[in-house]
Amino acid sequence: MRSFTSLVLLAGVASAHYRFSKLVINGETEATEWKSIRMTKNYQDDHGVTDVNSADIRCFQMKAGTGTATVAAGDELGFVADQGVTHPGPVQFYMAKVPDGKEINTWEATGNVWFKAASIDGTNPTGKTSGFTWPTYNKKVTSFVVPKNVPSGKYLVRVESIALHQAQSAGGAQFYLACAQVNITGGGNGTPGPLVAFPGAYKSGGPGLIFSWQTTSYTPPGPDVWQG
Ligand SMILES: *[C@@H]1O[C@H](CO)[C@@H](O)[C@H](O)[C@H]1NC(C)=O
């Protein structure tokens with residue numbers, strides 16, 4: 001009886017989490033999972049990452065990529081969360097350009113190579129406790145516009161949903177994330193930045209990773225969004 005109850009509880013917990021496994025390009029959803037997103041370690045149970053110092057905070061990947069999507073600069077690029085984004089918190093998008101001569105399926109994207117392309121923050125118009133609303137909450141698709149001025153070429157695009165419901169203390173924030181492989185066409189000649197590393201960009205218990213019902217103002221972690 002006890003083990004049965006535990007199983008039911010585990011199933012309940014798992015179904016509240018999510019994975020990002022399909023892209024939506026200008027409204028068109030990929031037909032299968034992991035087509036141009038590197039398969040993540042939570043591909044079965046949808047669990048999140050909690051250790052911001054682990055390599056999993058970069059792409060959470062199980063294995064190398066297999067496919068690359070083509071996306072034009074200025075297009076809307078979305079990620080599908082299988083269960084929807086069922087936890088409150090911001091969703092952010094980072095990009096890293098694959099260096100010339102590197103293979104997109106296997107490039108590890110270590111070091112200061114990531115810039116923040118977009119951030120969907122919460123709002124608290126009344127400034128009161130428990131006053132936040134999160135635009136991505138319970139949404140299946142979260143998307144951003146690929147900066148028009150980003151140079152053309154191969155990129156990893158990292159989506160990150162930071163779940164804050166258990167972030168009252170260090171290590172409580174949960175990260176749901178994945179890296180897509182895209183070939184950007186029709187780009188510009190901007191110089192994206194500032195560039196940060198994963199791990200490295202976030203500190204356990206640091207800015208943007210502590211949140212409680214008493215929080216009245218909030219800024220997501222990481223660098224400023226690149227203003228291309
Ligand atoms: C990316 O797109 C360009 C322009 O269409 C093309 O020449 C190149 O072969 C593509 N690269 C990949 C890896 O798909």
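Modeller: A cavity is a set of points, on a 1 Å grid over the protein atoms alone, where a 1.4 Å probe fits but cannot get out; a pocket is an open set with protein on both sides within 12 Å along at least five of seven lines, and lining residues have an atom within 4 Å of a point. The model discussed here is predicted, so local features need pLDDT of at least 70 and side-chain atom pairs pLDDT 80 or more, while totals for chains, interfaces and linings use all residues. Residues are numbered from 1 along each chain as its sequence is written, and side-chain values use heavy atoms, without hydrogens or water.

Biologist: What makes Thr-50 a lining residue of the largest cavity?

Modeller: Thr-50 has an atom within 4 Å of a cavity point, and therefore belongs to the lining. Val-52, Ala-170, Gly-171, Gly-172, Ala-173, Phe-175, Ser-204, Gly-205 and Leu-209 complete that lining.

Biologist: How many residues of each class line the largest cavity?

Modeller: Five are nonpolar, five are polar and none is charged. Gly-171, Gly-172 and Gly-205 belong to this lining, and Gly counts as polar by definition.

Biologist: Which residues line the largest pocket, and what is its volume?

Modeller: The volume, the space filled by probe spheres set on the points, is about 180 Å³. Among the lining residues are Pro-88, Phe-132, Trp-134, His-165, Gln-168, Phe-211 and Trp-213. By class, six are nonpolar, six polar and none charged.

Biologist: What makes the backbone at Pro-194, Pro-199 and Phe-60 worth noting?

Modeller: Most residues other than glycine have a negative phi, and most peptide bonds are trans. The bonds from Gly-193 to Pro-194 and from Phe-198 to Pro-199 are cis, each with omega near -5 degrees. Phe-60 has a positive phi, near 55 degrees, in the loop between β2 (28-29) and β3 (69-72); strands are DSSP runs of E with at least two residues.

Technical notes. Helix = DSSP H or I, 4+ residues; strand = E, 2+ residues; numbered from the N terminus.
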